[in-house]
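Please look over the notes below with the model open.

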Amino acid sequence: MKKAYLLLADGTLFEGSHVGAEGAKIAEIVFNTGMAGYQEVLTDPSYYGQTVCMTYPLVGNYGLNAEDFESRKCWVSGFIMREACAYPSNWRSDRSLDEYLKAENVIGLTGIDTRRLTRLLRSSGVMNGILYSEGYEPDEAMIEEMKRYQVTDAVKSVTIDEPVIYPADGEQKRRVALLDFGVKQNIQRELCARGCEVTVLPALTEPEHIVNGGYDGIMLSNGPGDPAENVEIIENLKVLISSGLPIFGICLGHQLMSLAIGAKTEKLKYGHRGVNHPVKDLAKDRTYITSQNHGYAVVADTVDPEIARVSHINLNDQTCEGVEHIHAPIFTVQYHPEVHPGPQDTSYLFDQFIDLMDEKKGGAQ
């Protein structure tokens, strides 16, 4: 088996074995603590521009299948694990991890001490790196490029080009506009299961098109990158706020809506990526276990109490996990209530969104 390597910006070098595609790739190096869900990680657009290290020691044991993909392709720049299973065992599996990584042209690294890498990222913070297979050793120019690397134009790179309509499961009761900032398919599945026809729209869709489109509500999806760089989208959201339509934002959607109401965001030291993050719903005085994938957070102290309130907090580091608008039917959360696999404790938020749309429709009649 060929060798593969990870060179970090601080000069640390990890040597292991190669899986997947060959080559060399610069990316931001992050870690995910989920014990399952590697297929969902690989196909989550929120990982655009990032190489992901899985902390769970065995990856690939149940293979992959097309039914569980979260999007149309693999978005990670590279994939790192302690041990890659070469022979998956699951009746739903239709391909191995190695086969999938090769087909998607993603470099994989296995056989390294992922605990050491994770501890390094936790202590030093997320850093850039080059993942490369044997025969593709980086030169000085590539190393300098790696040190300067930043994830930019992320939303524009992952959003769809044209609208796509998903019919409701059963009787259609509502129409939802879902802005694709890097959407995971389980968001639309949850809405369709609740009687919604879902129109997935490009991220830069004009707000007037949405307001005049006959929709009952608006979903703001998850997505990658620095939320503050999406200046045009933030301005569009200001128009949508004034429309009076119910709005539900998840992850990047939460951050963008918070920026639209005047709050600020900050980059976390190493982010939240896993399926066991405790979040407290302040109104319910109840804690939920949540799935998360983000490197930025809303600064709670910058949320104007005249406009909105912080509705949820992360019990690990007290960061803001949700915002609720005081004067409009708008609420957002930082975590993923639609996640599969993972805790589904917070799927009630989709029902809350449904209730807001029904109240709006009832009041308009």
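**Notes on the model**

1. Just after α9, G262 takes a positive phi of about 100°. Helices (H or I, at least four residues) and strands (E, at least two) are DSSP runs, numbered from the N terminus. This is a predicted model: local features need pLDDT of at least 70, side-chain atom pairs count only at pLDDT 80 or more, and totals for chains, interfaces and linings use all residues. Residues are numbered from 1 along each chain as its sequence is written, and side-chain values use heavy atoms, with hydrogens and water left out.

2. Helix α9 spans residues 252–260 and is mostly covered. Of its 9 residues, 9 are buried (under 20% relative accessible area; exposed is over 50%, partly exposed in between; 1.4 Å probe, protein chains only). Among them are H254 and Q255.

3. The whole structure holds 8 aromatic pairs. Rings of Phe, Tyr and Trp (its six-membered ring) pair if their centres lie within 6.5 Å; planes under 30 degrees apart count as stacked, over 60 as edge-to-face and the rest as tilted. F69 and Y100 form a tilted pair, 5.4 Å centre to centre with 35° between the planes. F69 lies in the loop between β5 (58–59) and β6 (78–81) and Y100 in helix α2 (residues 97–103), so the pair ties together parts 31 residues apart in sequence. Both F69 and Y100 are buried.

4. The ring centres of F248 and F331 are 4.4 Å apart and the planes are at 20°, so this pair is stacked. F248 sits in strand β14 (residues 247–250) and F331 in strand β19 (residues 330–333), so the pair ties together parts 83 residues apart in sequence. F248 and F331 are both buried.
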